[in-house]
Amino acid sequence: MPERTTAVPGHSRIGAGARYSHADPSLARSLSRRHIQMLAIGGTIGTGLFMGAGKTISLAGPAVIFVYMLIGFMLFFVMRAMGEILLSNLDYKSFSDFAGDLLGPWASFFTGWSYWAFWVVTGVADIVAISGYVDVLAPGTPLWIPALLTPVVLILLNLPSVKAFGEAEFWFALIKVVAIVALIGTGLVMIITHFTSPSGAVAGFENIWNDGGMFPHGVAGFVLGFQIAIFAFAGIELVGTAAAETKDPEKNLPRAINTIPLRLLLFYVGALVIIMSVNPWRTIDQGSSPFIGMFALAGLGVAAIVVNLVVLTSAASSANSGIYSTSRMVYGLAQDGNAPKTFGTLSSRKVPRNALLFSCIFLLAGLVLLYTGDSFMGAFTLVTSVASVLTMFVWSIIMVSYLAFLRRRPHLHVASKYRMPGARFMPWVVLAFFAFMLWALGQADDTRLALVVAPVWFLALGAAWCVNRKAPLQQARIVEWKADVQAEKATLVRR
């Protein structure tokens with residue numbers, strides 16, 4: 001690849017990821033602070049929360065609160081690790097770039113394509129969810145209409161410019177925030193006024209622990225709760241794929257990442273506490289959204305319809321983010337010789353148009369799944385389980401890359417203004433947690449299939465890499481990477 005013509009302040013070429021820069025024309029830094037903040041919020045509040053919370057509550061009971069808190073705690077360290085590495089070299093375009101730089105060209109290939117596959121599968125899950133919501137709002141609507149219309153709308157939202165995407169996602173995320181705040185406010189009023197449901201249940205915080213305690217299904221139920229809950233966090237790393245298009249990343253990325261704990265407490269824990277206080281957890285329908293159910297229970301029929309529209313918007317938001325992310329990832333892969341060259345070109349508006357259209361085509365799989373599956377929730381559970389395995393692989397690569405970063409470039413870690421807390425031991429804790437998550441997915445029939453499908457994907461990816469690595473460009477990159485590793489080792493010895 002051609003050498004970089006610009007220098008990174010404070011970094012030498014060795015170990016600075018120079019070979020992973022992308023050729024001009026480059027992506028535009030058009031995402032402002034408000035865009036990146038709402039992109040982070042939108043990534044945190046996914047379809048898995050709105051649609052999957054009911055099933056998670058039925059599996060774990062009130063312990064679902066601890067499930068979401070524990071997952072959120074672990075992923076905060078993934079985000080901090082990602083933020084530290086990205087800010088150590090602003091020439092990195094995404095975590096796929098730094099994975100290839102720190103672990104080797106193979107890591108860029110596996111991470112980029114796995115992340116692409118994750119968002120395609122997630123997009124299919126979102127289309128399943130959208131079709132389910134449309135069926136509730138307009139019963140009898142043919143399933144092919146929302147399944148076909150959604151990819152078209154996503155193309156129209158993403159083609160104009162990255163700023164247009166940022167604006168669309170800003171309003172999508174804002175709608176989700178308003179909906180959850182409205183739910184919490186409505187629920188608090190129902191609790192304060194001791195609202196009584198048709199079944200005779202009185203709203204109150206004691207509903208959380210009065211029926212079997214916090215762990216009514218024991219440890220087994222607590223473990224099963226992780227299966228669906230993990231997907232609710234898919235997309236939290238989205239700010240990492242937007243790094244190349246973020247204005248003033250040194251300020252905006254840390255701000256977006258640092259607010260994650262507060263967002264999790266409000267949007268996940270706060271919302272679930274309110275839902276289970278108003279509606280005793282055993283009465284929550286696992287096949288529908290508990291957010292819609294609570295407004296309907298309050299007698300706010302119009303509000304319930306509005307919330308149906310909101311959760312539909314949430315699914316569209318997730319799919320929108322996914323198409324944005326996959327198009328940028330495929331664009332980066334093409335720039336590095338890991339995808340066809342045609343995907344490495346930009347439109348006049350600096351949008352990877354070919355990569356965008358390529359990703360949208362695969363969303364049509366949602367149409368097939370809708371007509372072959374037994375139910376919306378069954379189809380949703382299947383695809384989200386596969387997506388969970390893929391996203392955990394990407395999160396694991398980020399943590400392994402961070403361990404390599406600490407080993408190969410300790411001086412950058414020391415000099416960093418955004419060091420990850422517990423840098424020496426938390427990566428290992430997080431990786432152990434992901435191993436536990438894989439075990440948890442294998443404990444139920446409807447999620448176990450993901451552990452069969454995922455290895456097939458990685459075997460196919462491994463075969464593709466064996467072919468691709470023989471190309472002259474990849475051989476040159478591998479040789480250069482090995483030379484850089486040796487040079488860094490020699491530099492560390494001299495220090």
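**Note on the predicted model: burial, salt bridges and packing**

1. Ser108 sits in helix 5, which covers residues 105–137. The model is a predicted one. With a relative accessible area of 1%, Ser108 is buried, because buried means under 20%. Apart from neighbours within four places in sequence, the residues in contact with Ser108 are Ser96, Ala99, Gly100, Leu333, Asp336 and Asn338.

2. The salt bridges in the model number 4. One of them joins the side chains of Asp101 and Arg409, at 3.1 Å from N to O. Asp101 belongs to helix 4 (residues 95–103), while Arg409 is in the loop between helix 17 (376–408) and helix 18 (410–415), so this pair ties together parts that lie 308 residues apart in sequence. Asp101 and Arg409 are both buried.

3. Arg409 also meets Glu488 in a salt bridge, with an N to O distance of 2.8 Å. Glu488 lies in helix 22 (residues 472–494) and Arg409 in the loop between helix 17 and helix 18, so parts 79 residues apart in sequence are tied together by the pair. Glu488 is buried, as is Arg409. Which residues make up the salt-bridge network? Asp101, Arg408, Arg409 and Glu488 are linked in it.

4. A further salt bridge is formed by the side chains of Asp211 and Arg282, at 2.7 Å from N to O. This pair links distant parts of the chain, 71 residues apart: Asp211 is in the loop between helix 8 (207–210) and helix 9 (218–232), and Arg282 is in the loop between helix 12 and helix 13. Asp211 is partly exposed, with a relative accessible area of 31%. Arg282 is partly exposed as well, at 47%.

5. Are the residues of helix 13 mostly buried or exposed? Helix 13 (residues 290–297) is mostly covered, with 6 of its 8 residues buried. The buried residues are Pro290, Phe291, Ile292, Met294, Phe295 and Leu297.

6. Helix 11 (residues 249–258) packs against helix 12 (residues 260–278) at an angle of about 35°, and their axes are 5 Å apart. On the helix 11 side the contact involves Ala256, Ile257 and Asn258, which meet Ile260, Pro261 and Arg263 of helix 12. By class, the residues of this contact are 4 nonpolar, 1 polar and 1 charged.

7. Phe66 is located in helix 3 (residues 64–88). Its relative accessible area is 33%, so Phe66 counts as partly exposed. Leaving out residues up to four places away in sequence, Phe66 touches Met214, Phe215 and Phe222. The C-alpha atom of Phe66 is separated by 9.7 Å from that of Gly225, although the two residues are 159 residues apart along the chain.

8. The surface carries a nonpolar patch formed by Trp144, Ile145, Leu148, Leu149, Val152, Val153, Leu156, Ile361, Phe362 and Leu364, which together have about 900 Å² of accessible area. Helix 6 (144–158) and helix 15 (353–362) are the elements that give two or more residues to the patch. Helix 6 provides the largest share, 7 residues. An α-helix has 3.6 residues a turn, so residues three or four places apart point the same way. Trp144, one of the patch residues, is found in helix 6 and is partly exposed, with a relative accessible area of 45%.

Key:
Residues are numbered from 1 along each chain as its sequence is written. This is a predicted model: local features need pLDDT of at least 70, side-chain atom pairs count only at pLDDT 80 or more; totals for chains, interfaces and linings use all residues. Side-chain values use heavy atoms; hydrogens and water are left out. Axes are lines fitted to C-alpha atoms, for helices over the stretch in contact, and angles run from 0 to 180 degrees between N-to-C directions. Helices (H or I, at least four residues) and strands (E, at least two) are DSSP runs, numbered from the N terminus. Contact means heavy atoms within 4.5 Å. Ala, Val, Leu, Ile, Met, Phe, Trp, Tyr, Cys and Pro count as nonpolar, Asp, Glu, Lys and Arg as charged, and the others, Gly among them, as polar. Buried means under 20% relative accessible area, exposed over 50%, partly exposed in between (1.4 Å probe, protein chains only). Patches are made of residues with over 30% relative accessible area and no salt bridge: like charges are joined within 9 Å, nonpolar side chains (Val, Leu, Ile, Met, Phe, Trp, Tyr) within 5 Å. Accessible areas come from the Shrake-Rupley method with a 1.4 Å probe; for residues, only the protein chains shown count as cover.
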